[in-house]
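Me: Hi, I have just opened this one and I'm new to it. Could you walk me through it?

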Amino acid sequence: MIHLDYRDARPIYTQICDGFREQIRSGILRQGDKLPSVRELATELTINPNTIQRSYRELEIQGWVASVPGKGSFVCGVPGGTESEEELLLRKFDDLTGRLLALGVPPAMLHGRIDEGGNNHA
């Protein structure tokens, strides 16, 4: 269901969120579908249940899923009327890039970090 890459720079909870968002966007998971319980998914992925809970909470905040106490988490669908994740991240990128340039970071350094795919944690 969800694939984790431990070499990925993204945190595990983010990879889980991204995995569910992709499954919802592609129609694998549809509105009303029940997500695995926190315990089930934690066992399947062999990770801490708190990580799963954090992912579900993030997806709920973003409007992708809804939690029903005692019943579980259910797919709401792709949130409508909101900025796409790509647009949001690009806007954040633009803001951060502008701030870094204002601090005197050379554009070549920023280009180098982009070329490294964001994996250049100096």
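Me: In what order do the elements of the protein chain run from the N terminus on?

Reply: From the N terminus on, the order is α-α-α-β-β-α-α, where helices (H or I, at least four residues) and strands (E, at least two) are DSSP runs, numbered from the N terminus. The radius of gyration, taken over C-alpha atoms, is 17 Å for the protein chain, well over the 14 Å that the globule rule gives for 122 residues, so the chain is more spread out than a compact globule. That rule is 2.2 Å times the number of residues to the power 0.38.

Me: Before I go on, what kind of model is this?

Reply: This is a predicted model, in which local features need pLDDT of at least 70 and side-chain atom pairs count only at pLDDT 80 or more, while totals for chains, interfaces and linings use all residues. Residues are numbered from 1 along each chain as its sequence is written, and side-chain values use heavy atoms, with hydrogens and water left out.

Me: What box do the C-alpha atoms fill, and what percentage of the residues count as buried?

Reply: Taken along the principal axes, the C-alpha atoms of the protein chain fill a box of roughly 55 × 35 × 25 Å. Of its 122 residues, 26% count as buried, where buried means under 20% relative accessible area, exposed means over 50%, and partly exposed is in between (1.4 Å probe, protein chains only).

Me: Now the strands. How do β1 and β2 run, and how many bridges join them?

Reply: Strand β1, residues 65–68, and strand β2, residues 72–75, run antiparallel and are joined by four bridges; two strands pair if DSSP finds at least two bridges between them. Val65 has Val75 of β2 opposite it. The hairpin of β1 and β2 has three residues between the strands, and Gly70 in this hairpin takes a positive phi near 80°.

Me: Which other residues is Leu35 in contact with, and is Leu35 buried or exposed?

Reply: Leu35 is buried, at a relative accessible area of 2%, and lies in the loop between α1 and α2. Leaving aside neighbours within four places in sequence, its contacts (heavy atoms within 4.5 Å) are Phe20, Leu29, Tyr56, Val65, Ser73 and Val75. The C-alpha atoms of Leu35 and Ile2 are separated by 11 Å, with the two residues 33 apart along the chain.

Me: Changing topic, how many salt bridges does the structure hold?

Reply: The structure holds four salt bridges, each being a side-chain nitrogen of Lys or Arg within 4 Å of a carboxyl oxygen of Asp or Glu. Asp8, Arg10, Asp18 and Arg21 are linked in a network of them.

Me: Which residues does Asp18 meet there?

Reply: The side chain of Asp18 meets Arg10 in a salt bridge at 2.3 Å, N to O, and meets Arg21 in a salt bridge at 2.3 Å, N to O. Asp18 and Arg21 both lie in helix α1, residues 12–26, three residues apart, about one turn of the helix. Arg21 counts as buried at 4% relative accessibility, whereas Arg10 is partly exposed, with a relative accessible area of 35%.

Me: Which residue does Arg7 form a salt bridge with?

Reply: Arg7 forms a salt bridge with Asp5, and the closest N and O atoms are 3.8 Å apart. Arg7 is exposed, with a relative accessible area of 78%, while Asp5 counts as partly exposed at 27%.

Me: Where is Thr46 found, and what is its phi?

Reply: Thr46 is found in the loop between α2 and α3 (49–62), and its phi is near 50°, a positive value in a residue other than glycine. At 66% relative accessibility, Thr46 counts as exposed.

Me: Last one, which residues form the nonpolar patch on the surface?

Reply: Leu96, Leu100 and Leu103 form it, with about 310 Å² of accessible area together. Patches are made of residues with over 30% relative accessible area and no salt bridge, where like charges are joined within 9 Å and nonpolar side chains (Val, Leu, Ile, Met, Phe, Trp, Tyr) within 5 Å. Leu100 lies in helix α4, residues 85–102, and is partly exposed, with a relative accessible area of 34%.

Methods: Accessible areas come from the Shrake-Rupley method with a 1.4 Å probe; for residues, only the protein chains shown count as cover.
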